[in-house]
Amino acid sequence: MTTSVETKGHGRPVPLLELSGVEVSYPGGVRAVAGVDLAVVRGETLSVVGESGCGKSSLARAIVHAPPPTSGTVRFDGRDLEALSPSELRALRPRLQMIFQDPISSLNPRRTARQIVADGPDIWKRELADGGGVDDTLRKVGIDPDRMGDRRPHQFSGGQCQRISIARAVVLEPDVLVCDEPVSALDVSVQAQVLNLLRRLKADLDLTMVFIAHDLAVVKNISDRVAVMYLGKICEIGPVRAIYGNPAHHYTRALLASVPDVADAQRSVSDAPVSGEVPSPSSPPSGCRFRTRCPRAELRCATEEPELNALGAGHDDHLVACHFPVRG
Ligand SMILES: Nc1ncnc2c1ncn2[C@@H]1O[C@H](COP(=O)(O)OP(=O)(O)OP(=O)(O)O)[C@@H](O)[C@H]1O
Ligand code: SF4
Ligand SMILES: [Mg+2]
């Protein structure tokens, strides 16, 4: 595992993970992910936020190729996952790990904590590095292996089960950790502890993270950048300070209005929380997908789909898909 951010010689970091035109469709015409482009550089935490059903889990699974996207490409460390042979993909899997929303059902109820964490290295035939043994990994996540290593999932709380899931992922020394709503099922007090653990592990183990949540409040303190997803597409993406301090898309602003404690003083007090039904991903609105719920919608929004473009000069890293974005 390298710790430096490689560059192509022009000063820009080379993405460790790069998605281009990723689509995920299901039977019945459900286009859960409708063309997503994302690049994540080594050491970065990119959060993906959006309401239930907007395609976050489908996107997360596509990133780790479990299963692969219906179309589009996922490049990891410069390699197109689709182009790899089954054995090459298998060899690469330990480097791309995922943590799931429901901590208890994601663990095998018949295995002890120690066995659950040891299973990965056994399956992938990974030699554990010095200091990276199963018990050491349990300690790293706050589970005492001497007292609790032989307990089974039902003997742990939800927060402890999530710690074991995290141990199971990090024992493989991944480069990328995709966390699909890892704290949504936990009590608020436990959420903060697990978020802190992830933040510490990220720094200690030099991880790159894709962190999925439905709530902008959860991701503010752990993200470098945030992508806001609506009905299968990214509608706004930018650094944390831009998304929270100068949200430009009307959907982002409505999401922020639901969590006023994280809103920035610059944001208009007239923003209302998002209301109305989420349209079906099998028949999204014409033009802008958000237009049926947008307070600013005009005729153009129904006829022309807005592209994801930089907000303007000096905002190269802040992209928004809106014909009438709010400029701070
Ligand atoms: N296996 C499947 N078969 C058919 N439709 C599916 C399948 N999985 C997801 N969907 C549909 O795809 C859309 C996106 O689902 P997905 O689970 O990716 O959303 P999500 O943003 O993760 O939602 P949540 O916040 O509730 O976890 C939804 O309309 C969902 O009903
Ligand atoms: S393009 Fe139109 S409908 Fe869509 S978010 Fe912008 S103003 Fe609203
Ligand atoms: Mg989900």
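A residue counts as near a molecule if one of its heavy atoms lies within 4 Å of that molecule. This is a predicted model, in which local features need pLDDT of at least 70 and side-chain atom pairs count only at pLDDT 80 or more, while totals for chains, interfaces and linings use all residues. Residues are numbered from 1 along each chain as its sequence is written, chains are lettered from A and ligands numbered from 1 in the order in which they are written, and side-chain values use heavy atoms, with hydrogens and water left out.

**View 1. Residues around ligand 1.** Polar contacts are pairs of N or O atoms within 3.5 Å. Ser 58 places a polar side-chain atom 2.5 Å from an oxygen atom of ligand 1. The side chain of Glu 181 has an N or O atom 3.2 Å from an oxygen atom of the ligand. Cys 54 uses its backbone: a polar atom there is 3.2 Å from an oxygen atom of ligand 1.

View 2. Ligand 2 has 13 residues around it, with Cys 288, Cys 294, Cys 301, Cys 322 and His 323 coming nearest. This shell holds eight nonpolar, three polar and two charged residues. Here Ala, Val, Leu, Ile, Met, Phe, Trp, Tyr, Cys and Pro count as nonpolar, Asp, Glu, Lys and Arg as charged, and the others, Gly among them, as polar. The space that ligand 2 takes is the largest cavity. A molecule sits in a cavity if more than half of its atoms lie within 2 Å of the grid points. On a 1 Å grid over the protein atoms alone, a cavity is a set of points where a 1.4 Å probe fits but cannot get out; lining residues have an atom within 4 Å of a point. The count is one cavity of 30 Å³ or more. The largest cavity has a volume of about 90 Å³, the space filled by probe spheres set on the points. Its lining has 14 residues, and His 250, Cys 288, Cys 294, Cys 301 and Cys 322 lie nearest the centre.

**View 3. The largest pocket.** A pocket is an open set of points with protein on both sides within 12 Å along at least five of seven lines. The largest has a volume of about 890 Å³. Its lining counts 32 residues, with Asp 37, Ala 39, Arg 225, Ile 237 and Leu 319 nearest the centre. Strands S1 (15–26), S2 (30–41), S9 (225–230) and S10 (233–239) each give two or more residues to this lining. Strands are DSSP runs (E, at least two residues), numbered from the N terminus. S2 provides the largest share, six residues. The lining divides into 17 nonpolar, three polar and 12 charged residues. Domain 1 (15–223) and domain 2 (228–320) both contribute to the lining, so the pocket lies between them. The domain bounds come from an automatic or database assignment.

Technical notes:
Helices (H or I, at least four residues) and strands (E, at least two) are DSSP runs, numbered from the N terminus. A polar contact is a pair of N or O atoms within 3.5 Å; within protein, one must be able to donate a hydrogen and the other to accept it, and residues adjacent in sequence count only if both atoms are side-chain atoms.
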